[in-house]
Amino acid sequence: QVVALDAQNIVAVSCGEAHTLALNDKGQVYAWGLDSDGQLGLLGSEECIRVPRNIKSLSDIQIVQVACGYYHSLALSKASEVFCWGQNKYGQLGLGIDCKKQTSPQLIKSLLGIPFMQVAAGGAHSFVLTLSGAIFGWGRNKFGQLGLNDENGRIYSFGLGGNGQLGTGSTSNRKSPFTVKGNWFSYSGQCPQNIDSEDYFCVKRIFSGGDQSFSHYSSPQSCGPADDFRCPDPSKQIWTVNEALIQKWLSYPSGRFPVEIANEIDGTFSSSGCLNGSFLAISNDDHYRTGTKFSGVDMNAARLLFHKLIQPDHPQISQQVAASLEKNLIPKLTSSLPDVEALRFYLTLPECPLMSDSNNFTTIAIPFGTALVNLEKAPLKVLENWWSVLEPPLFLKIVELFKEVVVHLLKLYKIGIPPSERRIFNSFLHTALKVLEILH
């Protein structure tokens, strides 16, 4: 028993070659073991830490998942940010820089804006899985372990096979997934009468070690469904705007708002990753077709949920959302994006009633328009594709928004603009007209 963690409610642990990470229910990470490559993220000079220590540099960030490689570590935050630290000999930190190690957690900036579901680490490589089923991998690929080159009842393995750890019956390395021999039986909820159950195995879960692999199984008669990572545990997931979360926020009377709820709203609306993971098409699997032609977004859900959240009876929620968009989300937007999944909020945000409130034109709508106009050619082209297949009322929503912005600015011009503000006023008008030009 690790007595030093007795006071903590630990919800997840992960082991590396010689270091361990533990995550408590408040999203704080504890580390101990070997620190030769900075894999503990503690910034210390000691080679070994024998008692768990809190990773202080992550204490303000709510972490939901941790994963250890042999000598490196990964963490996913509620705001869909991926942090990494430790050895970087094979680029397993994904930072795009050639350095041997990082002794403190680093944000992987190239992945900002993507809504993530899971992080995983191999020996010297790393993977992240998005809410729409895309996989990003990086790090060592000497044995094909990044898998860059059938139905949930078979096991496939790939990578290093010298010690028979692939279960393929040979000791060859495999550069792409290959079936593992065995009488695997797919769980279907119904066990056929005519099979001898002792000869078949229903896989519950698989684990891969260094030079060995394990499968946890049960007999077809007694088997329940396999652990299915497509059915996420909410406590291990990033924040997304959904029915349950909105109901929770609205259940507090206005004026008596707990600080943790304010933080939750702020975290969600300050993160483009969280907004990009919201309003996904759930009734069908359209979000798994996300690409240059499909956004994967259910626009009607976006409109309904935004209207449910932003209402006169709950001014505190509206104020918090507006502040987060204005101060955190929009100022951080960049012109280039890592993936099409990072573009979705450009489609959904105009559905938020705060955008069409004239009090927010100069603080939210126009800065949003500026970010849109500044997008590089490739992401803007994807956005144009998405707009072009929207139903007319949904497309007109964003057209109307920027028409209203233009009219609002022209009315101000009629009243009279002080000479000192004319330049900024003209740039506002130029931005709004430029957005309308793109839409046209």
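Reply: The expected span of a helix is 1.5 Å times one less than its number of residues. Please note that this is a predicted model.

Me: How many residues has helix 9, and what does it reach from its first C-alpha to its last?

Reply: Helix 9 covers residues 392–415, which is 24 residues. Its reach is 34 Å, close to the 34 Å expected.

Me: Which residues of helix 9 are buried?

Reply: The buried residues are Leu394, Ile398, Val399, Leu401, Phe402, Val405, Val406 and Leu409.

Me: And what covers them?

Reply: The cover includes helix 4 (299–309), helix 7 (361–373), helix 8 (377–388) and helix 10 (422–439).

Me: What follows helix 9?

Reply: Gly416 follows helix 9, and its phi is positive, near 125°.

Me: Changing topic: how many salt bridges are there in the whole structure?

Reply: A search of the whole structure finds seven. One of them joins the side chains of Glu243 and Lys308, at 2.2 Å from N to O.

Me: Why does that pair tie together parts that are apart in sequence?

Reply: Glu243 lies in helix 1 (residues 243–250) and Lys308 in helix 4, so the pair links parts that are 65 residues apart in sequence. Glu243 is partly exposed, at 40% relative accessibility, and Lys308 is also partly exposed, at 28%.

Me: What does Lys248 pair with?

Reply: Lys248 forms a salt bridge with Glu264, with the closest N and O atoms 3.0 Å apart. Glu264 lies in helix 2 (residues 259–270) and Lys248 in helix 1, so this pair ties together parts that are 16 residues apart in sequence.

Me: Is each of the two buried or partly exposed?

Reply: Glu264 is buried, with a relative accessible area of 13%, whereas Lys248 is partly exposed at 35%.

Me: Are Glu341 and Arg344 buried or exposed?

Reply: Both are buried. They form a salt bridge, the closest N and O atoms being 3.3 Å apart.

Me: Now the second largest pocket: what is its volume, and which residues lie nearest its centre?

Reply: Its volume is about 1,200 Å³. The lining has 48 residues, and Pro234, Gln237, Ile238, Thr240 and Asn242 lie nearest the centre.

Me: Which elements each supply at least two residues of that lining?

Reply: Among them are strand 1 (10–15), strand 2 (19–24), helix 1, helix 2 and helix 4.

Me: How do the lining residues divide?

Reply: The lining of the second largest pocket has 23 nonpolar, 13 polar and 12 charged residues.

Key:
Residues numbered from 1 in each chain as written. Predicted model: local features only at pLDDT ≥ 70, side-chain atom pairs only at ≥ 80, totals over all residues. Heavy atoms only, no water. Helix = DSSP H or I, 4+ residues; strand = E, 2+ residues; numbered from the N terminus. Buried < 20%, exposed > 50% of the residue type's maximum accessible area, 1.4 Å probe, protein only. Contact = heavy atoms within 4.5 Å. Salt bridge = Lys/Arg side-chain N within 4 Å of Asp/Glu carboxyl O. 1 Å grid on protein atoms, 1.4 Å probe; cavity = no way out; pocket = protein on both sides within 12 Å on 5 of 7 lines; lining within 4 Å. Points joined across faces, edges and corners; volume = space filled by probe spheres on them. Nonpolar A, V, L, I, M, F, W, Y, C, P; charged D, E, K, R; others polar.
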